[in-house]
Amino acid sequence: MIQLKTMLNCIDNSGASIVECVANLRMKRHAKIGDRIIVVVQKQRNFGEGSGPGGSSASTAAANKVRRGDIRHAIVVRTAKKLQRKDGMVVRFDDNACVLINKAGEPIGTRLTSVVGSELRDKQWSKILSLAPMHI
């Protein structure tokens, strides 16, 4: 259950590490796996210590596609709340996680670092499923 002020891990390489939910586009109580939400980037991911003199600060800035305070759309890919599937299986993940997307619905990052829920297949998020290393 993702609702207002919920903190989520961002599992892509867009540059965000932790995001906070500020709106649910489902217009119901809470968001589930596969739902679109609006988030604010709370913490940026560090891509190395090359920011010193003579370091590669330009490449680090290019790797960070988002900055702290940016408002973006995201897709929920894991929730800590138990979810019962149609076949009777109950699935629960350890954390809440999302993937940042642009307005057209394409992922901002080019890689996903961990597993995602298979419910994305029912919601037609096949691009996110193809980037994920595994879906459960």
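Colleague: Which element gives the most to the lining of the largest pocket?

Modeller: H2 does, with three residues. Helix H2 covers 119–122, and strand S5 (83–84) also supplies at least two residues of that lining. Helices (H or I, at least four residues) and strands (E, at least two) are DSSP runs, numbered from the N terminus. A pocket here is an open set of points on a 1 Å grid over the protein atoms alone, where a 1.4 Å probe fits, with protein on both sides within 12 Å along at least five of seven lines; lining residues have an atom within 4 Å of a point.

Colleague: Before we go on, what am I looking at?

Modeller: A predicted model: local features need pLDDT of at least 70, side-chain atom pairs count only at pLDDT 80 or more, and totals for chains, interfaces and linings use all residues. Residues are numbered from 1 along each chain as its sequence is written, and side-chain values use heavy atoms, with hydrogens and water left out.

Colleague: Back to the pocket then. How much space lies in the largest one?

Modeller: About 270 Å³. That volume is the space filled by probe spheres set on the grid points, which are joined across faces, edges and corners.

Colleague: And which residues line it?

Modeller: Lys32, Ile33, Leu83, Gln84, Arg85, Lys86, Ser118, Glu119, Arg121, Asp122 and Lys123. They divide into seven charged, two polar and two nonpolar.

Colleague: Is aspartate 35 buried or exposed?

Modeller: Buried, because its relative accessible area is 8%. Lysine 123 is at 37%, so it counts as partly exposed. The cut-offs are under 20% for buried, over 50% for exposed and partly exposed in between, with a 1.4 Å probe and protein chains only.

Colleague: How many salt bridges does the structure hold?

Modeller: Five. One of them joins the side chains of lysine 5 and glutamate 20, at 3.1 Å from N to O. Lysine 5 lies in the segment before strand S1 (7–10) and glutamate 20 in strand S2 (residues 16–24), so this pair ties together parts that are 15 residues apart in sequence. Lysine 5 is exposed at 58% relative accessible area, whereas glutamate 20 is buried at 11%.

Colleague: Where do aspartate 95 and arginine 78 sit?

Modeller: Their side chains meet in a salt bridge too, 3.0 Å from N to O. Aspartate 95 is in the loop between strand S6 (90–91) and strand S7 (97–101), and arginine 78 is in strand S4, 17 residues apart. Arginine 78 counts as buried at 7%, and aspartate 95 as partly exposed at 22%.

Colleague: What does threonine 79 touch?

Modeller: Asp95 is one of its contacts, along with Met1, Ile2, Ile33, Arg92, Phe93 and Asn96, not counting residues up to four places away in sequence. Contact means heavy atoms within 4.5 Å. Threonine 79 is in the loop between S4 and S5 and is buried at 4% relative accessibility.

Colleague: Changing topic: where's asparagine 64?

Modeller: In the loop between helix H1 (57–63) and strand S4 (71–78). Asparagine 64 is buried, at 17%. Leaving aside neighbours within four places in sequence, asparagine 64 is in contact with Ser14, Gly15, Gln44, Arg45 and Phe47.

Colleague: Last one, the overall picture. How many helices and strands are there?

Modeller: Three helices and seven strands, running β-β-β-α-β-β-β-β-α-α from the N terminus on. The chain has 136 residues, and 43% of them count as buried.

Conventions: Nonpolar A, V, L, I, M, F, W, Y, C, P; charged D, E, K, R; others polar. Salt bridge = Lys/Arg side-chain N within 4 Å of Asp/Glu carboxyl O.
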